[in-house]
Amino acid sequence: MEIESFLKKSEGNWISMRSGHSLAFKQFEEVISNLNIKILNANDYRIINFLDKSNFKKKKPICPFEIKWEGNSNWQEGNAAKELSGSSLLIPIPHSSNKGIILRSLGYAEKIEAISNFNFTSDGTMILSTEYSQTIAEERIWFINKNVRCRSSVIKSIDSKGIFQTSFASEIRCIS
């Protein structure tokens with residue numbers, strides 16, 4: 001699998017149901033989200049600006065994209081369920097046909113800019129590994145068929161490699 005074909009398969013609107021297990025807090029969380037994945041033009045001003053302020057401005061991105069999400073979590077904060085929303089620009093820069101990095105305007109485990117390493121297994125699963133200031137996130141994304149994909153993640157401490165959180169999501173494409 002190559003990054004461009006994987007992203008073209010991912011483009012569109014998805015309903016995601018994610019279950020997360022916070023081992024540190026002994027909590028279970030359910031999140032239902034609407035995801036929108038949109039491939040952007042490499043000449044999009046947001047992509048150019050992001051690359052200009054990075055150490056990768058001379059690199060050629062392949063299939064930059066944006067993910068937007070809106071969801072609800074059953075993790076109680078006070079008396080109300082937590083609402084989740086946001087967006088992130090992601091800019092893949094391949095090193096070979098099936099490996100490279102992805103620049104992220106907003107990380108998965110820590111809400112900061114991040115760089116993920118990606119590679120694909122022989123069955124087309126994308127593996128992302130992101131080292132943040134305090135944690136490491138490992139994500140796997142794969143397709144069951146063209147309209148169903150799955151994601152799993154593990155977030156662990158950068159120092160002790162102790163596991164903080166695990167999650168699994170099944171995502172179904174919205175077909176109009």
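Visitor: What volume does the largest cavity have?

Guide: The largest cavity has a volume of about 40 Å³. A cavity here is a set of points, on a 1 Å grid over the protein atoms alone, where a 1.4 Å probe fits but cannot get out. Grid points are joined across faces, edges and corners, and the volume is the space filled by probe spheres set on the points. Please note that this is a predicted model, in which local features need pLDDT of at least 70 and side-chain atom pairs count only at pLDDT 80 or more, whereas totals for chains, interfaces and linings use all residues. Residues are numbered from 1 along each chain as its sequence is written, and side-chain values use heavy atoms, with hydrogens and water left out.

Visitor: How many cavities of 30 Å³ or more does a search of the whole structure find?

Guide: The search finds one.

Visitor: Which residues line the largest cavity?

Guide: The lining consists of Arg18, Tyr108, Glu139, Arg151, Ser152, Ser153, Ser167, Phe168 and Ala169, where a lining residue has an atom within 4 Å of a point. Strands β9 and β10 (163-173) each supply at least two residues of this lining. Strands are DSSP runs of E with at least two residues, helices are runs of H or I with at least four, and both are numbered from the N terminus.

Visitor: How do those lining residues divide into nonpolar, polar and charged?

Guide: The lining of the largest cavity has three nonpolar, three polar and three charged residues. Ala, Val, Leu, Ile, Met, Phe, Trp, Tyr, Cys and Pro count as nonpolar, Asp, Glu, Lys and Arg as charged, and the others, Gly among them, as polar.

Visitor: And the largest pocket, what is its volume?

Guide: The largest pocket has a volume of about 1,000 Å³. A pocket is an open set of points with protein on both sides within 12 Å along at least five of seven lines. Its lining comprises 38 residues, and Arg18, Gly107, Tyr108, Lys111 and Arg151 lie nearest the centre. That lining divides into 21 nonpolar, nine polar and eight charged residues.

Visitor: With which side chain does the side chain of Arg151 make a polar contact?

Guide: The partner is the side chain of Glu171, at 2.4 Å. A polar contact is a pair of N or O atoms within 3.5 Å; within protein, one must be able to donate a hydrogen and the other to accept it, and residues adjacent in sequence count only if both atoms are side-chain atoms. Not counting residues up to four places away in sequence, Arg151 also touches others, including Ser16, Tyr108 and Trp142, where contact means heavy atoms within 4.5 Å.

Visitor: A change of topic: how many disulfides are there?

Guide: The count comes to zero, a disulfide being a pair of cysteine sulfur atoms within 2.5 Å. Cys150, for instance, is in no disulfide, and the nearest cysteine sulfur, that of Cys174, is 15 Å away.

Visitor: Lastly, which side chain does a polar contact join to that of Arg104?

Guide: The side chain of Ser116 is joined to that of Arg104 by a polar contact of 2.8 Å. Arg104 is in strand β5 (residues 99-104) and is buried, at 8% relative accessible area.

Conventions. Buried < 20%, exposed > 50% of the residue type's maximum accessible area, 1.4 Å probe, protein only.
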